Amino acid sequence: MRKILIFALTGLTLILAACTPASGTPTGNDGGSVPMGDHASITATPGSMMAEDPETAHMMEPITAPDVGPATEAEGGQPLAFREENGVKVFELTTQTVQWPILDGVTVTAFTYNGTVPGSMIRVTEGDQVRIVVRNELPDPTTVHWHGIEVPNAMDGVPGVTQDPIQPGETFTYEFTARPAGTFMYHSHFEGDIQVSAGLYAPFIIDPKKSQPDPPAVDKTLMISEWLHRDGQTFAAMPMSGMEPNFFTINGKAFPATEEITVKKGERVHLRLIGIGQFIHPMHLHGFPFEIAATDGRPVPKGARLLKDTVSVAPGERYDIEFVAAEPGRWMLHCHILHHTTNDNVEPGGLMLMINVVE
Ligand SMILES: [Cu+2]
């Protein structure tokens with residue numbers, strides 16, 4: 001690695017001195033994976049990864065599959081129907097590649113569960129026995145990890161550790177008792193760097209056995225992620241030089257395509273924020289403070305709840321926030337890393353969502 005760095009730095013110096021952008025691909029870049037502009041040479045920051053070895057090059061390839069069809073559903077994260085077999089709730093998931101519009105005029109090639117980003121929401125009650133039959137129609141192997149749910153080890157979805165990868169065309173069945181209650185998710189654990197960034201994630205909500213005496217008027221799950229879409233091709237966005245995202249989505253949509261949440265003045269709103277990309281997003285709410293009601297699915301006792309107006313949602317984290325929509329108006333929820341509220345560097349866009357409080 002040190003050798004590569006020295007080469008990269010030497011190369012960079014020479015390039016800057018000679019001022020010849022045409023010669024400026026980073027050291028050893030195979031040159032074919034990621035279309036880069038004239039600035040490619042100066043994005044080779046010291047310490048960044050180079051497309052030296054085949055695995056890195058693979059990460060930098062566009063997301064593709066043969067015959068990728070357009071998405072047939074408009075919204076992601078919708079509740080998945082199930083059938084009951086001897087007291088077990090049986091869900092079916094198919095991993096598939098689709099063309100997914102994140103914004104008017106911007107469509108990404110996505111790896112999905114059941115054709116949407118996020119994939120279908122699994123919603124059950126604490127203590128339910130669930131069986132999830134996963135059919136892999138991706139061009140690559142995959143596995144499913146049930147993030148935060150207390151599953152038996154054999155159901156944990158880690159390739160090479162708890163199971164063999166599910167090969168293209170194969171089916172694998174997961175079965176476990178849904179517990180504890182809370183906000184969880186499921187996502188790929190095979191080449192997560194690529195597959196999760198490409199859309200293989202979905203909410204998994206476990207409701208408590210005892211129903212709440214005073215449920216909130218609005219209960220929404222918002223999954224936050226990033227995309228790299230360049231020259232009509234989609235790449236897995238990641239914190240690696242040249243692979244940084246240029247689009248940011250809430251439930252697979254970038255503002256102004258994000259859902260608008262309408263609520264009546266005085267009603268209580270419960271939002272389940274889920275970080276599933278590879279970047280931290282400090283989500284800020286205009287107008288009202290919110291309580292952090294649960295972290296990573298586990299409830300925060302009433303007396304210990306922080307009153308905040310911004311919460312940083314890191315990759316893998318979940319925050320359930322609650323607030324009373326006290327004043328009418330269109331109030332914005334947005335990421336406060338303000339580059340994340342752009343679409344390909346143009347504001348407004350990305351991680352913005354309107355809470356419309358009506359009389
Ligand atoms: Cu952000």
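The dialogue below goes through the features of this predicted model one at a time.

User: What does the secondary structure of the protein chain come to, and how many residues count as buried as a percentage?

Analyst: The model is a predicted one. Its protein chain has three helices and 23 strands. Of its 359 residues, 51% count as buried.

User: What do the contacts say about separation along the sequence?

Analyst: Take the contacts between residues at least 6 apart in sequence; 74% of them join residues at least 24 apart.

User: Are His281 and Cys335 buried or exposed?

Analyst: Both His281 and Cys335 are buried.

User: Which residues does Ile122 touch?

Analyst: Leaving aside residues up to four places away in sequence, Ile122 touches Leu80, Phe91, Ile132, Trp146, Tyr186, Pro203, Phe204 and Ile205.

User: Moving to pockets, what is the volume of the largest pocket, and which residues lie nearest its centre?

Analyst: The largest pocket has a volume of about 640 Å³. Its lining has 27 residues, with Pro208, Gln212, His270, Arg272 and Glu322 nearest the centre. Elements that give two or more residues to this lining include β9, β10, β15 (268-275) and β21 (318-324). The largest share, three residues, comes from β15. By class, the lining has nine nonpolar, six polar and twelve charged residues.

User: How many residues line the second largest pocket, and which are the closest to its centre?

Analyst: The second largest pocket is lined by 22 residues, and Glu75, Gly76, Gln78, Asn251 and Glu259 are the closest to its centre. This pocket holds about 340 Å³ of space. Strand β11 (residues 218-230) gives the largest share of the lining, four residues. The classes here are nine nonpolar, six polar and seven charged residues.

User: Where is Gly252 found, and which residues does Gly252 touch?

Analyst: Gly252 is in the loop between β13 (247-250) and β14 (261-264). Its relative accessible area is 0%; the cut-off for buried is under 20%, so Gly252 is buried. Not counting residues up to four places away in sequence, Gly252 touches Trp100, Pro101, Ile102, Val117 and Pro118. Gly252 and Ile102 are 150 residues apart in sequence, while their C-alpha atoms are 5.9 Å apart in space.

User: Which residue does a cis peptide bond join to Pro118?

Analyst: For a peptide bond, the angle to read is omega. The bond joining Val117 and Pro118 is cis, with omega about -10°. Pro118 is in the loop between β4 and β5. Another cis peptide bond runs from Glu347 to Pro348, with omega near -5°. Pro348 lies in the loop between β22 and β23 (352-358).

User: What is phi of Asn114, and what is phi of Asp231?

Analyst: Phi of Asn114 is near 60°, a positive value in a residue other than glycine. Asn114 lies in the loop between β4 and β5 and is partly exposed, with a relative accessible area of 22%. Phi of Asp231 is near 50°, also positive in a residue other than glycine. Asp231 sits in the loop between β11 and β12 (233-235). With a relative accessible area of 62%, Asp231 is exposed.

Terms used
Residues numbered from 1 in each chain as written. Predicted model: local features only at pLDDT ≥ 70, side-chain atom pairs only at ≥ 80, totals over all residues. Heavy atoms only, no water. Buried < 20%, exposed > 50% of the residue type's maximum accessible area, 1.4 Å probe, protein only. Contact = heavy atoms within 4.5 Å. 1 Å grid on protein atoms, 1.4 Å probe; cavity = no way out; pocket = protein on both sides within 12 Å on 5 of 7 lines; lining within 4 Å. Points joined across faces, edges and corners; volume = space filled by probe spheres on them. Nonpolar A, V, L, I, M, F, W, Y, C, P; charged D, E, K, R; others polar.
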